[in-house]
Amino acid sequence: MELFYYLVFGGFGAVVLALELSKTSRDRISNTPTDFNSFKNNYLLVYSLMMAGDWLQGPYVYYLYSQYGYGKGEIGQLFIAGFGSSMLFGTIVGSLADKQGRKRACVTYCITYILSCFTKHFPHYKVLMLGRVLGGIATSLLFSAFESWLVAEHNKRGFEQQWLSLTFSKAIFLGNGLVAILAGLFGNLLVDTFSLGPVAPFDAAACFLAIGIAVILSSWTENYGDPSENKDLLTQFKGAAIAIASDEKIALLGAIQSLFEGSMYTFVFLWTPALSPNDEEIPHGFIFATFMLASMLGSSIASRLMARSSLKVESYMQIVFAISAAALFIPVGTNFLVPPSNVKGGSISFSGCIQLVGFCAFEACVGIFWPSIMKMRSQYIPEEARSTIMNFFRIPLNIFVCVVLYNVNAFPIIVMFGMCSIFLFVASILQRRLMKIADTQTSKPQDWMGHKERQLEAEPLNA
């Protein structure tokens, strides 16, 4: 492995360590009670296990499909199946989580993802397609049910609202940072060192998810969004749509999330071919671990920012989106400014090195994004339909990613990076609009649901 990879990894590691060691009381939320710390640590354990199951698979999905002999177009179709599944079934499972219970939804996530991992043992296209569909359903649950359970349980136990920021930032630092790094290195160990093949990380992921099921069943209590028996799924969908349409802050938040996450998931598909356009030998697991270390740096910065009550999330996130737009524009710039390499195979090119540093900067922005968007969602989204609305937000991002992946062979890779950069710039503009609204309004989630109830009561039931 080239020295360059160690330098980048070591550089980000040193910065993260320096940031963590230099934190003062001003940068931390301290003096939290024992019962909250126990609750927080239990959630962090579960979240870390869930993310270990997810991150172990990440660097090897594209690689596994290519090893089975599938081309870029067929792999793109498999990715489309996953995002399409998340789009079609996500809102349904989100509503079921609100109605049937978030704990039950979290266990369902584990079971569904374990089944998805099992399909990776078979090189048959239809079986792999089934696995992607199951993975799409699981992804919808991962990014809605767990957060919804946490927010509801936190409020039910009467903990201070600011302490949510601590749990969010720690969850991203551990689950999307440290655990992801260890998962990348562990996957690299399984595949490259022990030569167990690209399916080994998926088996390891299933083991972590099984442990997570045991912890959830033994230590979590159930909570619900709107458990009233007289509301079917259609009524829940309608209530969530009214909540989004009646408050510009929620609509803006959904648009911002869709633009950023759509670009992020497109990046997940693009980074491997971007760094090895001529089939260069690159250490996928180690690069993935480096990305996660950069994300860890971002979450460490976010924890400092969120600990300061005088600094609003809405304010600094517009800068984060602008930086992320610039980072994903780097492949476009290097395409015109750096002479391309025509040598097949070998080590990473000079252009690839520049892009890798830019991709790490983008991952740092991702690390800031997650706890920050979680904080804004906890402020603006009504509790009664939290999972439903969060999965509503995922519909446009899944459509965007599906369209990009469906046309993956029609556009050069720099065009797709350029599109992502534009979307991130738009997200920065929308974030500025959200900041202005937040400065002039006081968030009152209960009014959204009251508005929804009044509209539903006023309309005749034709069913």
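A cavity here is a set of points, on a 1 Å grid over the protein atoms alone, where a 1.4 Å probe fits but cannot get out, and its lining residues have an atom within 4 Å of a point. This is a predicted model, in which local features need pLDDT of at least 70 and side-chain atom pairs count only at pLDDT 80 or more, while totals for chains, interfaces and linings use all residues. Residues are numbered from 1 along each chain as its sequence is written, and side-chain values use heavy atoms, with hydrogens and water left out.

**View 1. The largest cavity has a volume of about 750 Å³.** Volume is the space filled by probe spheres set on the grid points, which are joined across faces, edges and corners. Searching the whole structure turns up three cavities of 30 Å³ or more. The largest is lined by 38 residues, and nearest its centre lie Asp 54, Trp 55, Gly 58, Tyr 265 and Val 268. Helix 11 (residues 248–275) gives the largest share of this lining, seven residues; helices are DSSP runs (H or I, at least four residues), numbered from the N terminus.

**View 2. Tyr 109 and Phe 146 have the most contacts inside the largest nonpolar core, which has 145 residues.** Such a core is a set of buried Ala, Val, Leu, Ile, Met, Phe, Trp, Tyr and Cys residues joined through side-chain atoms within 4.5 Å. Leaving aside residues up to four places away in sequence, Tyr 109 touches Met 50, Asp 54, Ala 138, Leu 141, Leu 142, Phe 146 and Leu 209 (contact means heavy atoms within 4.5 Å). Tyr 109 and Phe 146 also belong to one aromatic cluster, with members including Trp 149, Trp 163 and Trp 220.

**View 3. Here is one of the 32 aromatic pairs found in the whole structure.** The ring centres of Tyr 60 and Tyr 63 are 6.4 Å apart and the planes stand at 65°, so this pair is edge-to-face. Rings of Phe, Tyr and Trp (its six-membered ring) pair if their centres lie within 6.5 Å, with planes under 30 degrees apart stacked, over 60 edge-to-face and the rest tilted. Tyr 60 is buried at 3% relative accessibility, whereas Tyr 63, at 27%, is partly exposed (buried is under 20% relative accessible area, exposed over 50%, partly exposed in between, with a 1.4 Å probe and protein chains only).

**View 4. Ser 195 has a positive phi, near 55°, although it is not glycine.** Ser 195 sits in the loop between helix 8 (163–193) and helix 9 (200–219). With a relative accessible area of 58%, Ser 195 is exposed.

Notes:
On a 1 Å grid over the protein atoms alone, a cavity is a set of points where a 1.4 Å probe fits but cannot get out, and a pocket is an open set with protein on both sides within 12 Å along at least five of seven lines; lining residues have an atom within 4 Å of a point. Helices (H or I, at least four residues) and strands (E, at least two) are DSSP runs, numbered from the N terminus.
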